[in-house]
Amino acid sequence: MTLSSTPGLARFNTLADDEATTVLHEVCASAAWGRAILSRRPYTTAEALLASSDAAMAELTREDLADAMAGHPPIGRPAPGDPTSSREQRGMADATEELKAEMLELNLAYQERFGHVFLICATGATGEQMRDAVKSRIGNSPEQEREIVRTELGKINRIRLTRLVTEGE
């Protein structure tokens, strides 16, 4: 399927700014990212929207990245009543109790080291893959990890934006 102009994209382009801001905050908790996406409307294609998202992600400051990360629950503990985090973290749903306990321990160690939740584009990843990722990344420098987080957030935003402009089709 091509992501050219879709009814969902047309709906997004015509939302009032306050409604679009709310929708974008559900995609990414960074207000700076949301303002950048909003300021570039209207989008002629979904590809243009995704490219705008990538550009906005590249421009985020350290503080903006912290805002974006604050919108994500720890892996293995999706936010109660949040279907998005539950869907994205589906790979942990069937994990063994041992793996869930190990992930909790690793999440805490990661958060202590970096000061924020471990963030990964978990869509389609198994619990074991997420565990292996946190294990491999915990030894990174804060600078390396910040750029990995930026990349992972970009992937998440792309998935969420694609869902936004193709829902109901």
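Is Cys-28 buried or exposed? Cys-28 is buried, with a relative accessible area of 2%; buried means under 20%, exposed over 50% and partly exposed in between, with a 1.4 Å probe and protein chains only. Cys-121, at 14%, is buried too.

A note on the source. This is a predicted model in which local features need pLDDT of at least 70 and side-chain atom pairs count only at pLDDT 80 or more, while totals for chains, interfaces and linings use all residues. Residues are numbered from 1 along each chain as its sequence is written, and side-chain values use heavy atoms, with hydrogens and water left out.

Back to the cysteines. The whole structure has zero disulfides, a disulfide being a pair of cysteine sulfur atoms within 2.5 Å. The sulfur of Cys-28 has its closest cysteine sulfur in Cys-121, 13 Å away, so the two are too far apart for a bond.

Now the pockets. A pocket is an open set of points on a 1 Å grid over the protein atoms alone, where a 1.4 Å probe fits, with protein on both sides within 12 Å along at least five of seven lines; lining residues have an atom within 4 Å of a point. The largest pocket is lined by 32 residues, with Glu-26, Thr-84, Arg-87, Glu-88 and Arg-160 nearest its centre. Helices H2 (17-27), H6 (83-88), H7 (90-93) and H10 (142-166) each give two or more residues to that lining; helices are DSSP runs of H or I, at least four residues, numbered from the N terminus. H10 gives the most, five.

In the second largest pocket, the lining includes Arg-62, Phe-114 and Val-149. Helix H5 (62-70) and H10 each supply at least two of its residues.
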